[in-house]
Amino acid sequence: MTIACPHCQSFRIQSKDYGKKVAGSLGTLAGAAAGFSGVLGGAEAGASVGAFAGPAGLLLGGLAGAIIGGIVGGSAGGLAGVALGDMVDTNVLDNFECRDCHQVFSASPE
Ligand SMILES: [Zn+2]
């Protein structure tokens, strides 16, 4: 998709992606928070699996479960946040700025 400035028809356009950045960070945080409950569940599941291998297995299983739960939750939240932010950027915010005349505009087709 080529975007031209509606003011001076320049193709030197910069996208700001504020929504994507903010929502991506928030989503990662929210995902990590959600992942934390996954951590507990993962630790529990890992520990019960690891319990067959004795105390060391219990510890390792719990750790592995906790790490996996946190990573999965955080990255899933981040992805959801970026997708949401992208939608906000595209539909709500004036996401593009012309580098020549500094006009700010959205990419809605006209
Ligand atoms: Zn322009």
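Modeller: Gladly! Let's start at a strand pair: F96 has F105 of β3 as its bridge partner. This is a predicted model, where local features need pLDDT of at least 70, side-chain atom pairs count only at pLDDT 80 or more, and totals for chains, interfaces and linings use all residues. Residues are numbered from 1 along each chain as its sequence is written, and side-chain values use heavy atoms, with hydrogens and water left out.

β2 and β3 are joined by 2 bridges in the antiparallel sense (strands are DSSP E runs of at least two residues, numbered from the N terminus, and two of them pair if DSSP finds at least two bridges between them). The open sheet has 3 strands, ordered β1-β2-β3, with antiparallel pairing. β1 and β3 (104–105) are the edge strands with a single partner each, so one side of each lacks a neighbour in the sheet.

Now to the metal. The zinc ion has C5, C8, C98 and C101 as protein donors, each through SG at 2.3 Å (donors are N, O and S atoms within 2.8 Å of the metal, or 3.2 Å for Na, K and Ca; water is not among the atoms, so sites may look incomplete). Along the sequence the donor residues follow C-x2-C-x89-C-x2-C. C8 sits in the segment before β1 (13–15) and C98 in strand β2 (residues 96–98), so this pair ties together parts 90 residues apart in sequence.

C98 is buried at 0% relative accessible area, while C8 is partly exposed at 34% (buried means under 20%, exposed over 50%, partly exposed in between, with a 1.4 Å probe and protein chains only). C101 is also partly exposed, at 29%.

Definitions and conventions: Helix = DSSP H or I, 4+ residues; strand = E, 2+ residues; numbered from the N terminus.
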